[in-house]
Amino acid sequence: MKTLKLAAAGALALSAATIASPAQAEDLTLCWAAWDPANALVELSKEFEAQSGHKMSFEFVPWPNFADRILNELNSGGKLCDLLIGDSQWIGGGAENGHYVKLNDFFDKEGISMSDFADATVYAYSTWPKGTPNYYALPAMGDANGWFYRKDWFARDDIRAAFKEKTGRELGEPKTQKELLEIAQFFQGREIDGQTVYGAAIFTERGSEGITMGVTGALYPWGFKYENTPGKYDMEGAVNSPEAVEALEFYKELYKTATPPGYTNAYMGESLDAFKSGQVAMAMNWFAFFPGLYADPNTGGEKIDFFVNPPQNVEGSTLGGQGISVVSYSDKKDAALEYIKWFAQPDVQAKWWGLGGYSAHNSVLNDPKFPESAPFAGDFLLAMQNVKDFWQEPAYAELLLAMQKRLHDYIVADQGTAQEALDLLVKDWTEIFQDEGKL
């Protein structure tokens, strides 16, 4: 994974005054990761093609290769992507290194208001510096890490009786992280319909971002903070706080006592496979996959249900999702901006949700019928109210790889203690921010 800071052309200034009337018919290429929502976007975009005369092509890269492939493309000033749905963590580098067109003038000219989108998504997917009214993307795909479980197993009288005998309480969706661990441990090694099953499928992958995205699902509910003072990079006592240590120890216990055997390098695909094959009672994954899970003929429908990441000391979910940006190196920026304008329309956003995408538009999310529009819609709303994201700094890739190593070494490889892992992470991150001139 290469950091966005490798190649910087300087910030690109694009004034709306230079944006002419609708562009002549162009062939546009939109780049994103290869997953179910991307297929939904292909279907949705047929309407744009019909209305605009532009032809849409798509470059979808498998998630394990997505960052390397696309960041290298940006760093080289490549013209493959006219539009990019890039990860939230890329926004800082995309802005500072001139990879993304700043959209403020265009939004003003076209009457596109960021107040029409959920605050958390605007903050995370669009702004740089964070929280300022400087926009480099339109919120495109809301997402968070959530949970799903075998509703049919949880409802069985024999399983419910055994759980109550063991724990003294009724089996149901966990209300805390510690209840989640207790349920996962209860199912671990249990025989159901002649098959040995396991407690939970979680993220442990080291190569890209997997274990960090999983562990933050515990860190945030324990109250983890990246800094004591936002924007000051004062990490000592925040990153390695007693609460963070406890959360990290919790995640290691969950991994060691309640996951399938050999589950040492697992991320999105492995979690989905473990659940769909009937191996686990519960699994974590991104809400983006929930429509497909519900539709699965073997473990979906009445056999599955969903819950938001449980709290411990506070509510907290790991943010996923992306914004859509115009790539500054494109020769077709006018046509790309037409696509942004089209995609921002409330009726298009409603269709996006209906096809399996996750709209961030308030007209969709605030519709009184939205919570009942899908079995996971209400949980999605709850999750997005308390999401937290990883560093969005231009050096995010270096920061991420450091966390990946420290977490995997402790949780999977049994090296050192949780306190030592987080102390070393503070040291790693301090060195990176010193190199960046921010400390």
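Are cysteine 31 and cysteine 81 buried or exposed? Cysteine 31 is buried, and cysteine 81 is buried too. Buried denotes under 20% relative accessible area, exposed over 50%, and partly exposed the range in between, with a 1.4 Å probe and protein chains only.

The model is predicted: local features need pLDDT of at least 70, side-chain atom pairs count only at pLDDT 80 or more, and totals for chains, interfaces and linings use all residues. Residues are numbered from 1 along each chain as its sequence is written, and side-chain values use heavy atoms, with hydrogens and water left out.

A search of the whole structure finds one disulfide (a pair of cysteine sulfur atoms within 2.5 Å). The bond joins cysteine 31 to cysteine 81, with an S to S distance of 2.0 Å. The torsion about this S-S bond is about -95°, so the disulfide is left-handed. The pair links distant parts of the chain, 50 residues apart. Cysteine 31 belongs to strand 1 (residues 27-33). Cysteine 81 lies in the loop between helix 2 (63-75) and strand 3 (83-87). Helices (H or I, at least four residues) and strands (E, at least two) are DSSP runs, numbered from the N terminus.

Rings of Phe, Tyr and Trp (its six-membered ring) pair if their centres lie within 6.5 Å; planes under 30 degrees apart count as stacked, over 60 as edge-to-face and the rest as tilted. Phenylalanine 203 and tyrosine 267 form an edge-to-face pair, 4.7 Å centre to centre, with 90° between the planes. The two residues are 64 residues apart and link distant parts of the chain. Phenylalanine 203 sits in the loop between strand 8 (198-201) and helix 9 (210-222). Tyrosine 267 sits in the loop between helix 10 (242-258) and helix 11 (268-276). Phenylalanine 203 is buried at 0% relative accessible area, and tyrosine 267 is buried at 8%.

The ring centres of tyrosine 233 and phenylalanine 433 are 4.5 Å apart, and their planes meet at 45°, so the pair is tilted. This pair also links distant parts of the chain, 200 residues apart. Tyrosine 233 is in the loop between helix 9 and helix 10, and phenylalanine 433 is in helix 18 (residues 418-435). Tyrosine 233 is buried at 13% relative accessibility; phenylalanine 433 is buried at 0%.

Ring pairs also build a cluster, with Trp32, Trp35, Phe48 and Trp63 among its members.

Charges sit over rings as well (NZ of Lys or CZ of Arg within 6 Å of the ring centre and within 35 degrees of the ring normal). The charged end of lysine 130 sits over the ring of tyrosine 123, 5.1 Å from its centre. The charged end of lysine 252 sits over the ring of tyrosine 410, 4.3 Å from its centre.
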